[in-house]
Each structure stands twice: as structure tokens, then as C-alpha cells.
Amino acid sequence: GFQFGLGPDAIPPIVGSGMLLPGEPFYPDATATFLVIGTTIAGDSRAYPIHILNRHEIVDESFGDVHVAVGW
């Protein structure tokens with residue numbers, strides 16, 4: 001059978017993103033500019049850079065006891 005596109009499991013999701021906090025190595029400089037998808041759930045805010053999501057498309061994330069899939 002012919003298959004369109006990349007096929008199943010061709011683009012790996014990010015599981016447990018390991019968010020960086022200000023001051024940690026590789027945290028963006030305060031003057032850096034780039035696009036993000038951001039969300040706040042139960043007072044916990046996260047931002048996911050589009051240039052990373054272009055390669056992964058899905059982030060499986062936990063906000064405390066709330067589990068979400070962030071998609072691009």
C-alpha cells in the first residue's frame with residue numbers, strides 16, 4: 001500500500017520538556033526575540049519556542065496533576 005507523508009512515528013514528540021528557568025545555562029538572553037506558543041494552567045506558565053516545535057510538533061507536558069499535549 002502506498003502511504004502519503006512521513007508515516008507514523010516519524011516526528012518524535014518532546015516528552016517532559018525540562019523547562020529552563022532564568023539564570024540556567026541555555027536560557028535565552030533577555031534581548032532574544034523569537035516566537036513561542038505559551039499557556040498558563042493553574043497558575044503555572046510555560047512557553048514553547050516555535051523553532052523547536054517545527055522539528056517535533058507535539059510536547060507531552062504535565063502541569064502538576066494536569067497532563068496536556070501542546071501541538072503545533
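Ala, Val, Leu, Ile, Met, Phe, Trp, Tyr, Cys and Pro are counted here as nonpolar, Asp, Glu, Lys and Arg as charged, and the others, Gly among them, as polar. The model is predicted, so local features need pLDDT of at least 70 and side-chain atom pairs count only at pLDDT 80 or more, while totals for chains, interfaces and linings use all residues. Residues are numbered from 1 along each chain as its sequence is written, and side-chain values use heavy atoms, leaving out hydrogens and water.

The largest pocket holds about 520 Å³ of space. A pocket is an open set of points on a 1 Å grid over the protein atoms alone, where a 1.4 Å probe fits, with protein on both sides within 12 Å along at least five of seven lines; lining residues have an atom within 4 Å of a point. Of its 21 lining residues, Met19, Leu20, Ala47, Tyr48 and Pro49 are the closest to the centre. The lining comprises 16 nonpolar residues, four polar and one charged. Strand 3 (44-49) and helix 1 (50-56) each contribute at least two lining residues, and strand 3 gives the largest share, five residues. Helices (H or I, at least four residues) and strands (E, at least two) are DSSP runs, numbered from the N terminus.

Attention now turns to His67, which belongs to strand 5 (residues 66-71). His67 is exposed, at a relative accessible area of 62%, where exposed means over 50% with a 1.4 Å probe and protein chains only. The side chain of His67 forms a polar contact with that of Ser62 at 2.8 Å; such a contact is a pair of N or O atoms within 3.5 Å, one able to donate a hydrogen and the other to accept it within protein, and residues adjacent in sequence count only if both atoms are side-chain atoms.

How values were computed. Grid points are joined across faces, edges and corners, and a volume is the space filled by probe spheres set on the points. Buried means under 20% relative accessible area, exposed over 50%, partly exposed in between (1.4 Å probe, protein chains only).
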